[in-house]
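Reader: I am new to this entry. Please take me through it step by step.
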Amino acid sequence: MQENYYEEQVIKGQKYQNLTKEQSKFIDCTFENCSFEDCTILGCVFVNCKFYKCNIISLTSKHSEVKNVIFQQCNLIGIHCWNELMPIGKYAHAIEKLESCYMKYNSFIEIPFRKFDFSSNVIHESAFEECDLQESNFRNCRLEATQFFKCDIRKADFREAKGYVIDIPSNKMKQAKFSFPEVTSLLASLEIKID
């Protein structure tokens, strides 16, 4: 199948539903006010692309990847294919920036997010599992029911973050920073009682 190639294109206001996109390469493209719902990408690559005020809901992916992608003011909901889109060790920055985004029902498994800036995003009911989050910044994040399991969060900054569920026994946490009173939620995983 022939590859479709798009470079430096600006795509605005498009709505895609139940679309399957195959063998396409997007370089330096901007997607603005677009909606992608229940879409599938097969063998697609996004390099240096920017998504601005986009809705990406229930995305499915096979043999696709992102490199240096920026998400600004986007809604990213029900995305469980991040680990495939961000191959371990292939790129230093699969996601370059995540700014003022709302994320819900996302799964991040074995993804290197070292020194990544998540600050001021909303990440609800999502999961980080076996991720390298050393020195990452979660300041002012709303993390309601977002779980961290078997992650390396050493030196990560969770000050002013709210709602996180961090399993103390399974995570590496040395020198991570937290604020009071939210830090007391860490004790929940120890199944102890506080009066």
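Author: One term is needed first: a residue is called buried under 20% relative accessible area, exposed over 50%, and partly exposed in between, using a 1.4 Å probe and protein chains only. The model is predicted, so local features need pLDDT of at least 70 and side-chain atom pairs count only at pLDDT 80 or more, while totals for chains, interfaces and linings use all residues. Residues are numbered from 1 along each chain as its sequence is written, and side-chain values use heavy atoms, with hydrogens and water left out.

Reader: Thank you. How many salt bridges are there?

Author: The count comes to 7 salt bridges, where a salt bridge is a side-chain nitrogen of Lys or Arg within 4 Å of a carboxyl oxygen of Asp or Glu. One of them joins Asp-152 and Arg-154, with 2.6 Å from N to O.

Reader: And is Arg-154 buried, partly exposed or exposed?

Author: Arg-154 is partly exposed, because its relative accessibility is 31%.

Reader: Which residue forms a salt bridge with Arg-139?

Author: That residue is Glu-160, and the closest N and O atoms of the pair are 2.7 Å apart. Arg-139 lies in the loop between strand 20 and strand 21, and Glu-160 in the loop between strand 21 and strand 22, so the pair ties together parts that are 21 residues apart in sequence. Strands here are DSSP runs of E with at least two residues, and helices are runs of H or I with at least four, both numbered from the N terminus. Arg-139 is partly exposed at 27% relative accessibility, and Glu-160 is likewise partly exposed, at 35%.

Reader: What does Asp-157 pair with?

Author: Asp-157 forms a salt bridge with Arg-159, in which the closest N and O atoms are 2.8 Å apart. Asp-157 counts as buried because its relative accessibility is 10%, whereas Arg-159 is partly exposed at 29%. Salt bridges with shared partners join Arg-139, Asp-157, Arg-159 and Glu-160 into one network.

Reader: A change of topic, then. How many disulfides does the structure hold?

Author: The structure holds 0 disulfides, a disulfide being a pair of cysteine sulfur atoms within 2.5 Å. Cys-54 is in no disulfide, and the nearest cysteine sulfur, that of Cys-34, is 4.8 Å away. In general, a disulfide is a covalent bond between the sulfur atoms of two cysteines.

Reader: Now the strands. Which strand pairs with strand 10, and in which sense?

Author: Strand 10 (residues 50–52) pairs with strand 14 (residues 69–72) in the parallel sense over 3 bridges; two strands pair if DSSP finds at least two bridges between them. Lys-50 has Ile-70 of strand 14 as its bridge partner. Strand 14 also pairs with strand 16 (residues 95–99) in the parallel sense, over 4 bridges. There, Val-69 has Ile-95 as its bridge partner.

Reader: What is the phi of Tyr-105, and where is that residue found?

Author: Phi of Tyr-105 is near 55°, a positive value in a residue other than glycine. Tyr-105 is found in the loop between strand 17 (102–104) and strand 18 (107–109), and is partly exposed with a relative accessible area of 40%. Another residue other than glycine with a positive phi is Ala-145, near 60°, in the loop between strand 20 (127–129) and strand 21 (147–149). Ala-145 is partly exposed, with a relative accessible area of 38%.

Reader: What does the side chain of Asn-171 reach?

Author: The side chain of Asn-171 reaches the backbone nitrogen of Cys-151 at 2.7 Å. The backbone nitrogen of Lys-150 lies 3.5 Å from a polar atom of that side chain. Leaving aside neighbours within four places in sequence, Asn-171 is in contact (heavy atoms within 4.5 Å) with residues including Phe-148, Phe-149 and Ile-166.

Methods. Polar contact = N/O pair within 3.5 Å; in protein donor to acceptor, adjacent residues only side chain to side chain.
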